[in-house]
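Hello,

Here is the structure we talked about. Please open it alongside this note.

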Amino acid sequence: MHEMSLCQGILDIIRERAAADRFSRVTRVRLSIGAPSHVDPRAISFGFEVVAHGTVAEGAALEIDQPPGQAFCMACSATVMIPARGEPCPTCGSHQLMVVGDEMRVDELEVS
């Protein structure tokens, strides 16, 4: 389950920010997980609760946004929105897509 290692990475980011900005508690974490990333938001929610136990992020509310992915179609040269990897180009139907916007990032921390 690679989501647990992703959750550990989120916690590492939080710890770095806590040290740099000197806060002692995180009350809310907002993530962006691109739809084509194949990351299960339910697994992230569960994993985050597990790795955050006993840390500055324990009990923090986790909000997950799932923006659609973007891809460049090599067949028609269009930049298109796709709901998931493997979907065809909505413009021409080609599967020759170069996916972008499938990343996961920490967008916002609410701290005290």
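The model is predicted. Start with the helix pair: α1 and α2 are oblique to each other, because their packing angle is about 55° and angles under 35 degrees would count as roughly parallel, 65 to 115 as roughly perpendicular. Helix α1 spans residues 2-21 and helix α2 residues 41-52. Their axes lie 8 Å apart. The crossing is right-handed.

Which residues make the contact between α1 and α2? From α1 come Glu-3, Met-4, Leu-6, Cys-7, Gln-8, Ile-10, Leu-11 and Ile-14. From α2 come Ala-43, Ile-44, Gly-47, Phe-48, Val-50 and Val-51. By type, the residues of this contact are 11 nonpolar, two polar and one charged.

Now the sheet. Three strands form an open sheet in the order β2-β1-β6, and the pairing is mixed. Strands β2 (61-65) and β6 (104-111) are at the edges. Each has a single partner strand, so one side of each has no neighbour in the sheet. From one strand to the next, the twist averages 20°.

Strand β1 covers residues 26-33 and pairs with β2 in the parallel sense, over five bridges. To find this pairing on screen, look for Arg-30: its bridge partner in β2 is Glu-63.

Finally, how the helices meet the sheet. Helix α1 lies across β1 and β6, and runs at about 45° to β6. Helix α2 also packs on the sheet, where it touches β1, β2 and β6. The direction of α2 makes about 160° with that of β2.

Best wishes

Technical notes. Residues are numbered from 1 along each chain as its sequence is written. This is a predicted model: local features need pLDDT of at least 70, side-chain atom pairs count only at pLDDT 80 or more; totals for chains, interfaces and linings use all residues. Side-chain values use heavy atoms; hydrogens and water are left out. Axes are lines fitted to C-alpha atoms, for helices over the stretch in contact, and angles run from 0 to 180 degrees between N-to-C directions. Helices (H or I, at least four residues) and strands (E, at least two) are DSSP runs, numbered from the N terminus. Angles under 35 degrees count as roughly parallel, over 145 as roughly antiparallel, 65 to 115 as roughly perpendicular and the rest as oblique. A crossing is left-handed if the near helix is turned anticlockwise from the far one by less than a right angle, and right-handed if clockwise. Contact means heavy atoms within 4.5 Å. Ala, Val, Leu, Ile, Met, Phe, Trp, Tyr, Cys and Pro count as nonpolar, Asp, Glu, Lys and Arg as charged, and the others, Gly among them, as polar. Two strands pair if DSSP finds at least two bridges between them.
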